[in-house]
Amino acid sequence: MQRKSYDIPTPFRITSLFSAIDYKWDKNFMFKGEDHDFWEIVTVMEGEVEVVENEQTYLLHRGEMILHAPGDFHRIKSAGGTSPHVFVLSFANTGALPDTLKDGVFALGEDVLEEYRDLFYVFHTYTTQCDENKIPPNMHDPITAKYRLEAFLISLSLSKTSKESIAKNAGAEEYRRLVQTMSEHVREPLTLEKLASMHHISASYVKKLFSAYAGNGPMSYFSALRIKEIQALLSTGYSVSQVSRLMGFSSTAYLSTFFKKKTGISPSKYYEKDKK
């Protein structure tokens with residue numbers, strides 16, 4: 001009699017730990033925005049922080065957590081006149097984390113917050129010891145913690161505790177609309193003046209909003225969106241000349257200059273690299 005076997009799918013697996021940093025910021029702290037190719041978990045242990053993620057602005061309080069997916073632009077600063085205590089943990093993975101973890105803020109109960117605190121400090125201690133070239137006293141701790149973190153994230157995705165917690169103010173809302181417009185027109189050579197005109201505001205106000213929420217200029221932000229779109233098209237199989245036409249560049253040479261200036265590699269090299 002032939003036995004049947006059933007594969008049990010694994011949603012994702014953590015493969016690398018980049019950092020587990022215990023931050024205590026002053027009330028004037030501000031971190032310039034960035035994006036990267038790994039996941040990052042930000043958890044507020046005390047105080048308040050304002051987090052900008054893509055086009056949304058969130059206000060996080062004690063016991064609240066947000067996850068930044070690879071490629072998400074994000075920026076963080078102290079809020080509410082507080083000096084926040086924040087855990088930041090970053091990791092790489094194979095497979096896909098549940099989509100429910102990519103949007104919104106998760107409110108952790110006290111028991112869950114304490115569970116995560118214990119888990120975080122295992123990673124924090126491990127990375128500190130590795131940085132100091134010490135042999136961790138128990139090599140099983142980070143391995144066990146890795147499995148616990150995977151289980152924690154799966155449980156979190158099923159908990160339905162995510163909430164918007166979006167900062168409600170006129171500036172944040174206008175910033176959100178501006179980024180949405182950029183995303184909708186990412187294949188066009190949009191100018192600052194055109195963007196401001198579409199929203200019936202001044203170019204100087206657009207600059208002010210991006211300085212406050214993104215930490216860089218609006219055209220730098222838009223260029224980053226265009227680079228991501230170009231990379232996505234090249235990865236899908238479009239040729240460099242096809243991408244040039246789709247993205248509204250006046251010539252392939254102009255696309256190549258723009259792409260290489262921003263990434264350090266030509267689009268043709270990226271195209272060949274991605275095909276391998």
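**Core packing and helix arrangement**

Leu149 touches Ile14, Ile41, Leu89, Tyr116, Leu119 and Phe123, leaving aside residues up to four places away in sequence. The model is a predicted one. Within the largest nonpolar core, which has 26 residues, Leu149 and Leu153 touch the most other members. Two or more residues are given to this core by each of strands S1 (12-24), S3 (39-46), S6 (64-68) and S8 (85-95) and by helices H1 (110-131) and H2 (140-158). Another core, of 21 residues, lies apart from it and has Leu178, Leu192, Leu209 and Ala214 among its members. In soluble globular proteins, nonpolar side chains tend to be buried together.

Helix H3 (residues 170-184) packs with helix H5 (residues 203-213) at an angle of about 100°, and their axes are 10 Å apart. Because angles of 65 to 115 degrees count as roughly perpendicular, H3 and H5 are roughly perpendicular to each other. On the H3 side, the contact is made by Gly171, Ala172, Glu174, Tyr175, Leu178, Val179 and Met182. H5 contributes Tyr205, Val206, Leu209, Phe210 and Tyr213.

Helix H8 (residues 252-263) has twelve residues, which at 1.5 Å a residue should span 16 Å; the end C-alpha atoms of H8 are 16 Å apart, in agreement with this value. Leu255, Phe258 and Phe259 are buried in H8. Viewed down the helix axis, the buried residues of H8 fall within an arc of 95° and therefore line one face of the helix. The exposed residues Ala253, Thr257 and Lys261 are carried on the face of H8 turned away from its buried side.

Key. Residues are numbered from 1 along each chain as its sequence is written. This is a predicted model: local features need pLDDT of at least 70, side-chain atom pairs count only at pLDDT 80 or more; totals for chains, interfaces and linings use all residues. Side-chain values use heavy atoms; hydrogens and water are left out. Helices (H or I, at least four residues) and strands (E, at least two) are DSSP runs, numbered from the N terminus. The expected span of a helix is 1.5 Å times one less than its number of residues. Buried means under 20% relative accessible area, exposed over 50%, partly exposed in between (1.4 Å probe, protein chains only). The arc is that of the directions from the helix axis to the C-beta atoms. A nonpolar core is a set of buried Ala, Val, Leu, Ile, Met, Phe, Trp, Tyr and Cys residues joined through side-chain atoms within 4.5 Å. Contact means heavy atoms within 4.5 Å. Axes are lines fitted to C-alpha atoms, for helices over the stretch in contact, and angles run from 0 to 180 degrees between N-to-C directions. Angles under 35 degrees count as roughly parallel, over 145 as roughly antiparallel, 65 to 115 as roughly perpendicular and the rest as oblique.
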